[in-house]
Amino acid sequence: MRGAQRALCLLLVASASLAALYLHLWAPKGPPSVDLRRPSPERLPPPLPPPARSYPHVPFRLKEEVMELLPRNGCSCEAEAEAGLALPLRRRLFGPGPGGLDFASAFAPGERPRQLRLREREYRNYRNRVQTPADRLLIVPANSPLEYPAQGVEVRPLQTVLVPGLSLQAPARNRYQVNLTASLGTLAVAAEVEGVVLRGEGQPHLSLAAAHLDHLNRQLQFVTYTNTQFHPDTADIVQFSTDGHSAAFAIRIRHPPTPRLYGPGTAGDSDSDRYNISALVTVATKTFLRYDKLRGLIASIRRFYPSVTIVVADDSQRPEPLSGPHLEHYLMPFGKGWFAGRNLAVSQVTTKYVLWVDDDFIFTPRTRLEKLVDVLERTSLDLVGGAVREITGYTTTYRQRLSVRGGGAGGDCLRTRPGFHHRLAGFPACVVTDGVVNFFLARTDKVRQVGFDPRLRRVAHLEFFIDGLGVLHVGSCEDVVVDHASKLALPWRRSEGERQYNRYRYPAARDDSLRLKQRLFFFKNRFKCMAGD
């Protein structure tokens, strides 16, 4: 009896072990892991070789005036003649000096090599993170019999798309064959054509062969690509080849950006109806100690736009209460700073557009927000500035052209120039530029995308537009004007609040604000130096 029980126990243990093994082998496996810590070399096309035909026997003459325009491995910020009224503001923002600013000078000599090493390490990580195979240069061979899509093929992650435009245009022969190879997905066909031999369906490598060219080309019209390795925004470089010829094309893999739509903000259903500014625009400002100026701004806004929402970010030491309809007052830690206040104010905006103003501006009949809204509604611009009129009658738009020259391992060179790039068609008083004055209307989502660096507490403005290069499309209209409250006052007639404000707003020469600004340019933006006209 004991022997029978022992045998039964052994049988049960063996059965359980076999069942566990079966479940392990046949249980559905999850998707394979993908290493996102660094770019996978096998997924990127190899570096391009030097030109196969260099023509050393053909003489040439370099044109210096054109060579000067081409990017180089280095750059410099040489001094140039500085233009008139732009000079004092540039010196206030970026520090004194007749010529270029060397941002490395913001660090002690013994600290500079370490900062350079750290910066280059972060820059390499940044490039690895944001670059995709779609950024690589692809050269199409001459007289290739292969036809393929040069651009425009896009698929959502882990989904399938037909690959349009594939064909072979080859002279008559007994047999025709083409090969397709992907790296982030698989290739298949949506239909089978008689007389075409397929190898590798559902795999990264697909081979198609036929005795008749028309049959092969008809089959190529049904080729599909399925992404199998998830990434929200990348590209797969597909190799396409036939006897003696090869080419490559990109398939963009991404989730299309999710739209963030706002109501039309018009009085009626037609685009031509008058704009409802209260539904489209929120006025945002940052205040510090100057409640008399702020109340003047609010009163002037209410005169022309009684129901528009006003958002105030306040980092005063002893905040004063602000009340009224359509007014939101947000308190911050004392002295938190200029750009931190901008971030807070913009974060509370729920309308399509945000109008940024300083707390000492005054709206007048020339402050027609409808004109700025019309520009953004009818163009591709993201931000449009107006003009600020001083008590002296002088009006400024502070239009700035920003450019960056590549500088190799030492960092890039930033250059600022007053002016604009071109006129804006359909709007005679408007131009396209890169930076504008502190009075602008912008698409709320684009401002949040760029953001304001909260480390810049006391002196900052143009840094927002520098961070926005490549993101913001900026315009400026000189016919929409806001007044600037007078700052002219005798020292003994200034209030204690005004004197305290000036001590914070205008740092002394020994203050570290400008040095911090230069360090951010050096490390965060990877600039070596800056020059301005």
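Leaving aside residues up to four places away in sequence, Leu441 is in contact (heavy atoms within 4.5 Å) with Val281, Tyr353, Val354, Leu355, Leu372, Val373, Leu376, Asp382, Leu383 and Val384. The model is predicted: local features need pLDDT of at least 70 and side-chain atom pairs count only at pLDDT 80 or more, while totals for chains, interfaces and linings use all residues. Residues are numbered from 1 along each chain as its sequence is written, and side-chain values use heavy atoms, with hydrogens and water left out.

A nonpolar core is a set of buried Ala, Val, Leu, Ile, Met, Phe, Trp, Tyr and Cys residues joined through side-chain atoms within 4.5 Å. Buried means under 20% relative accessible area, exposed over 50%, and partly exposed in between (1.4 Å probe, protein chains only).

| Core | Size | Members include |
|---|---|---|
| Largest | 80 residues | Val281, Leu355, Phe363, Leu441 |
| Second, separate | 32 residues | Val178, Leu213, Leu220, Phe249 |

Helices (H or I, at least four residues) and strands (E, at least two) are DSSP runs, numbered from the N terminus.

Four strands form an open sheet with mixed pairing, in the order β1-β26-β21-β20. Its edge strands, β1 (101-102) and β20 (400-405), each pair on one side only. Two strands pair if DSSP finds at least two bridges between them. Strands β21 (residues 412-418) and β26 (residues 527-532) are parallel, with five bridges; Leu414 has Met530 in β26 as its bridge partner.

Gly324 lies in the loop between β14 (309-314) and β15 (327-331). Gly324 is partly exposed, because its relative accessible area is 43%.
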